[in-house]
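Here's a quick tour for anyone about to work with this protein. Have a look at the model first, then we'll walk through it piece by piece.

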Amino acid sequence: MKIRHLGNICISFLATLALTGCITEDFDECPNEYELKIIFDRNMLNADAFASQVKSVDVKVFDSDTGREVYSFSDKGTALEAADYKVALPIPPGSYDILCWAGMAEGNSFGYADPSADILEHHNVILNTEEGISRQRLNNLYHGLSKGVTFIDNNTLGSKQTQTATLYLTKNTNRIYVMLHNLDGTLLQESDFTFSISSNNAEMGYDNTLDKGGKVEYKPWHVSPLLAETDISTIPVQSALGAELSVGRLTAKTESRLEVHRVSDGEKIISIPLERNLLLYKGEFYSYMSDTDYLDRQDNYEITFILDKNNNWDKASMIHLNGWSTPPVQYQEW
């Protein structure tokens with residue numbers, strides 16, 4: 001009777017192992033396989049655009065208890081275009097903080113503040129400037145951080161399934177297109193005005209905060225005259241000027257300023273707080289988003305200013321944001 005009972009126990013044990021898939025002819029342990037899925041859906045469409053937008057990733061894994069780096073992986077190119085792209089994580093079971101800076105390999109616009117750092121809090125990214133000035137078209141930069149990710153030993157679960165963690169990216173770069181338009185037909189040249197955006201976002205923390213500051217002055221990477229209709233003729237003439245600027249992360253707490261100077265006499269004709277004016281376009285339609293969430297999701301802004309016959313900003317004509325007209329936000333002494 002005792003032998004029969006022991007046999008029943010063994011059969012039951014073997015049947016359980018067979019169902020979990022964790023038994024082999026050699027009685028191996030359940031394998032531990034962990035991976036990371038990276039998603040970029042923090043955009044205005046709420047759609048995952050990772051495969052089409054992100055061209056490179058730097059993934060770094062840190063022990064949650066010590067903060068020390070235990071694994072890093074970089075990848076770029078067509079491999080990232082796969083719909084099921086994931087990063088394998090050959091690490092033991094435990095709790096981890098996973099950091100991803102994406103887009104770093106697309107160009108030389110950004111670099112690590114401390115390339116040899118092996119502690120999470122030291123993995124800040126800085127904008128590369130020339131004496132505090134950036135005139136370049138920035139390569140795209142994305143950030144993602146997931147803290148306290150726990151991978152469990154499959155032997156305690158009785159499973160051989162791969163465990164997948166998910167990390168969400170935020171885009172940190174923006175296109176600002178500024179257009180000046182003179183409706184009376186006055187011809188405008190590239191050399192008639194200078195454009196700049198000053199900000200404190202030249203250093204982005206490991207957690208994507210801008211607390212470190214880092215002053216920077218952004219200049220256009222491209223300026224060109226444009227053909228446009230005027231009040232006196234429907235035939236387009238060179239009465240508009242477009243300036244393309246590429247800037248870093250904008251949040252509700254940053255206080256960037258857009259300024260335009262008239263070259264002929266050095267007069268500052270435009271000086272407005274950038275973020276507060278960009279948020280005017282948020283409106284009621286996007287009221288479910290916080291201000292910072294909106295600024296993180298929107299990455300393309302077109303701002304138009306109408307000039308009068310003296311090439312001053314005609315404030316009565318308002319400000320035009322992405323084709324929408326509104327009175328501007330101003331708190332600047334003129």
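## Starting from one tyrosine

In which helix is Tyr294 found? The answer is helix H5, which covers residues 291–297. Keep in mind that we're looking at a predicted model.

So is Tyr294 buried or exposed? Its relative accessibility is 0%, and since buried means under 20%, Tyr294 counts as buried. Leaving aside residues up to four places away in sequence, Tyr294 touches Met44, Leu278, Leu279, Tyr281, Lys282, Tyr286, Met289 and Tyr301. Take Tyr281 from that list: 13 residues separate it from Tyr294 in sequence, and the C-alpha atoms sit 9.9 Å apart.

As background, nonpolar side chains in soluble globular proteins tend to be buried together.

## The six-stranded sheet

Now for the strands. An open sheet is built from 6 strands, ordered S16-S17-S12-S20-S21-S22, with mixed pairing. At the edges are S16 (222–228) and S22 (324–326), each of which pairs on one side only. Going from one strand to the next, the twist averages 25 degrees.

Zoom in on one end and you'll find S21 (residues 319–321) paired with S22 in the antiparallel sense, over 3 bridges. There, Ile319 stands opposite Thr326 of S22.

How many residues of strand S13 are buried? It's 5 of the 7 in this strand (residues 193–199), so S13 is largely enclosed by the rest of the structure.

S13 pairs with S18 (residues 257–262) in the antiparallel sense over 6 bridges, and Thr194 has His261 in S18 as its bridge partner. S13 is also joined to S15 (residues 216–218) by 3 bridges, running antiparallel. In that pairing, Ser198 has Glu217 in S15 as its bridge partner.

## How confident is the model?

The average pLDDT for the protein is 89, and 89% of the residues score at least 70. Residues 1–20 are another matter: their pLDDT is below 50, and the stretch has 8 contacts in the model beyond near neighbours in sequence.

Technical notes
Residues numbered from 1 in each chain as written. Predicted model: local features only at pLDDT ≥ 70, side-chain atom pairs only at ≥ 80, totals over all residues. Heavy atoms only, no water. Pairing = 2+ DSSP bridges. Helix = DSSP H or I, 4+ residues; strand = E, 2+ residues; numbered from the N terminus. Axes fitted to C-alpha atoms, helices over the stretch in contact; angles between N-to-C directions. pLDDT = per-residue confidence, 0-100. Contact = heavy atoms within 4.5 Å. Buried < 20%, exposed > 50% of the residue type's maximum accessible area, 1.4 Å probe, protein only.
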